[in-house]
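Please open the model in your viewer and keep the sequence panel alongside it.

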Amino acid sequence: MKQADNNATHLSDEIDVDDRLNMKQAYTTDNKVTHLSDEIDVNEKLGNIIGEKFIQYRKRWDDVHDNFLETEFPLFLQVHPNQSCNYKCPHCLLGDEEIKKNYKEKSLSQSLYQSIVDEGKDFNCPSISIQGWNEPFYMKKIFDYIEYADKSNYIDIMLNSNGSLLDEDKINRILDSGLTRIRFSMDAATEATYKKVRLESGFNEIKDNISKLVEMRDKGGYKLPLVGVSFCEISTNTHEKDLFIETWSKIVDFVSIQTFMPPVHNKVYDKFYTKEQTLNLNIPPKFHCPQPFERVDIHGDKIFPCCYYDSKDLAIGTFPETTIHQAWNSEKAKQIREIHRNGDYQKISNCDKCVKSTFGALNY
């Protein structure tokens, strides 16, 4: 699962990593991705750069996350423009042509994207990611998309990339685009492991270009975007987790460690689980997922209440029949939130699969 920063290993892992490597800051928003920084907390740093509007947005986010508050409109729009990527990573939905065919979705037109951004602007939505199951720099108009969100006064604009298409021209455009933060999915600390995980070469070149992005930002007097890297921990790279954090924390602003989640549940992904994750079968009887209170994920013409993408049954709306506001305030969306407020995730079959797979249950 490659999602943006409003998405973090289990908390026990977070403490171990923090102690081993003396990272000063570690935080998680969903127990799936842990964000590490050797400076101040990333959101605190962004607050110092952007100012009061960012600070208030994150206070609101924390309040919704911690207390499962109802809002009139989601605080975060995860927009999936298409399913185009130049990589075929085996632990990703796009790495299997048969699976990809079964989950094929419509590409998002630029006009629909703009109407989504416009609606979010009307309701003062503070954050957006213009990337999901795709490589954003594979899109010819990606900078038009970013700049449209920036001109629409979104406070926090995020992007994930595999970094393979990064070059000096794109670096210059990134710096002038309005991006708040960008995270590169690297999943390795060495070329050899990168080839095993990504089935591609080029690790050192990508690493050099990420370093160049940070260098050009700092030398050019830019404060944004903050730059990070992510590590989806699986069986073939788990031995490099410490080295990954140690290596990359010297280069970028933050490092994210992600628990592996199967992209779909009609295929066996056992071989990707680490031993520790597979043995972690202490599945909680109550689990309160915060995502339906915080965000929507938009895949083609479908609106979803979270990052889970294994069944269209979970969709809470469809464009153009439904606006985001209507979907967010629908009875279905409210029912999903109420179930998760009470921790009764088992009542929704898709949520039950998601929680169990996150905690390493292979046979459910």
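A residue is called buried here when its relative accessible area is under 20%, exposed when that value is over 50%, and partly exposed in between, with a 1.4 Å probe and protein chains only. This is a predicted model, in which local features need pLDDT of at least 70 and side-chain atom pairs count only at pLDDT 80 or more, while totals for chains, interfaces and linings use all residues. Residues are numbered from 1 along each chain as its sequence is written, and side-chain values use heavy atoms, with hydrogens and water left out.

Select His 91 first, in the loop between strand S3 (76-80) and helix H4 (97-102); helices (H or I, at least four residues) and strands (E, at least two) are DSSP runs, numbered from the N terminus. His 91 counts as buried because its relative accessible area is 4%. Leaving aside residues up to four places away in sequence, show the residues that His 91 touches (heavy atoms within 4.5 Å): Asp 187, Val 197, Cys 232, Ile 234, Phe 260, Pro 263 and Phe 272.

Next, select S3, where five of five residues are buried. Phe 76, Gln 78 and His 80 point one way from the strand, and Leu 77 and Val 79 the other way. In a regular strand, side chains alternate between the two faces of the sheet.

S3 pairs in the parallel sense with S4 (residues 127-129) over three bridges, and Ser 127 is the bridge partner of Phe 76. S9 (residues 295-299) runs parallel to S3 and is joined to it by five bridges, with Asp 297 as the partner of Gln 78.

Finally, zoom out to the protein chain, which has 15 helices and eleven strands, and in which 59% of the 364 residues count as buried.

Notes:
Pairing = 2+ DSSP bridges.
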